Amino acid sequence: MVLAVFAGLPGVGKSTLAAAVAADLPATVLAVDTVDFTLRRYGVQEPRPGYAAYGVVAAVAEEQLRIGHHVIIDAVNPVRAARQLWVDLAERMEVPLRVVEVICGDDVEHRRRVEERFKARDHEGIPDWVRVLERQAEYEPYLGPRLVVDTHLAKDPVPSVVGYLDDRRR
């Protein structure tokens, strides 16, 4: 079993990559955005937006690991406190933690993706380009071991990501 964290700014391709990797491993994908949007839809208000969603995803991830599933966390993970949640969970469950930092190395393409996604959705919680730039300013650099995947350059990153996550394929 492995706990994988796919981290990066909105619109870089985390969810697309996570889904493709999960189909190959197989793994359960738990997206913080999905939980956050659902909490909002049901009128859950919180003083620290997004905080509860990370907690819910961590609790579900723990249960999935307990029954023997690989788990992929799909979340921005912008700050050290959010990242520590996954470190603590991996230690508690005694499973390896693998971080995949997903980037889009071309700002024009990144903006296009964000704007297309914004146009295609109901906007509830979906950031526009200005909000993504604000999130970028808040984003703390990742320290420590991780695999960095540039979804603009990588033609088929799935095999290398699966190899990084699955010790049997290393």
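Which elements each supply at least two residues of the lining of the second largest pocket? They are H4 and strand S4 (97-103). This is a predicted model, in which local features need pLDDT of at least 70 and side-chain atom pairs count only at pLDDT 80 or more, while totals for chains, interfaces and linings use all residues. Residues are numbered from 1 along each chain as its sequence is written, and side-chain values use heavy atoms, with hydrogens and water left out. Helices (H or I, at least four residues) and strands (E, at least two) are DSSP runs, numbered from the N terminus.

**The sheet**

- An open sheet is formed by 5 strands in the order S2-S3-S1-S4-S5, with parallel pairing; two strands pair if DSSP finds at least two bridges between them.
- Strand S2 (28-31) and strand S5 (147-150) stand at the edges with a single partner strand each, so one side of each is left without a neighbour in the sheet.
- Strand S1 (residues 3-7) pairs with strand S3 (residues 71-74) in the parallel sense over 4 bridges, and Val-5 stands opposite Ile-73 in S3.

- Grid points are joined across faces, edges and corners, and a volume is the space filled by probe spheres set on the points.
- The largest pocket holds about 1,300 Å³ of space; of the 46 residues that line the largest pocket, the closest to its centre are Asp-33, Tyr-54, Ala-75, Val-76 and Arg-135.
- H2 gives the most to this lining of the largest pocket, with 6 residues.
- The second largest pocket has a volume of about 300 Å³, and of its 15 lining residues, the closest to its centre are Arg-83, Val-87, Val-99, Tyr-142 and Leu-143.
- H4 provides the largest share of the lining of the second largest pocket, 5 residues.

**Glu-109**

- Glu-109 is placed in helix H5 (residues 107-120).
- Glu-109 has a relative accessible area of 18% and is therefore buried; buried means under 20% relative accessible area (1.4 Å probe, protein chains only).
- Not counting residues up to four places away in sequence, Glu-109 touches Cys-104 and His-152; contact means heavy atoms within 4.5 Å.

How values were computed. Buried < 20%, exposed > 50% of the residue type's maximum accessible area, 1.4 Å probe, protein only. 1 Å grid on protein atoms, 1.4 Å probe; cavity = no way out; pocket = protein on both sides within 12 Å on 5 of 7 lines; lining within 4 Å.
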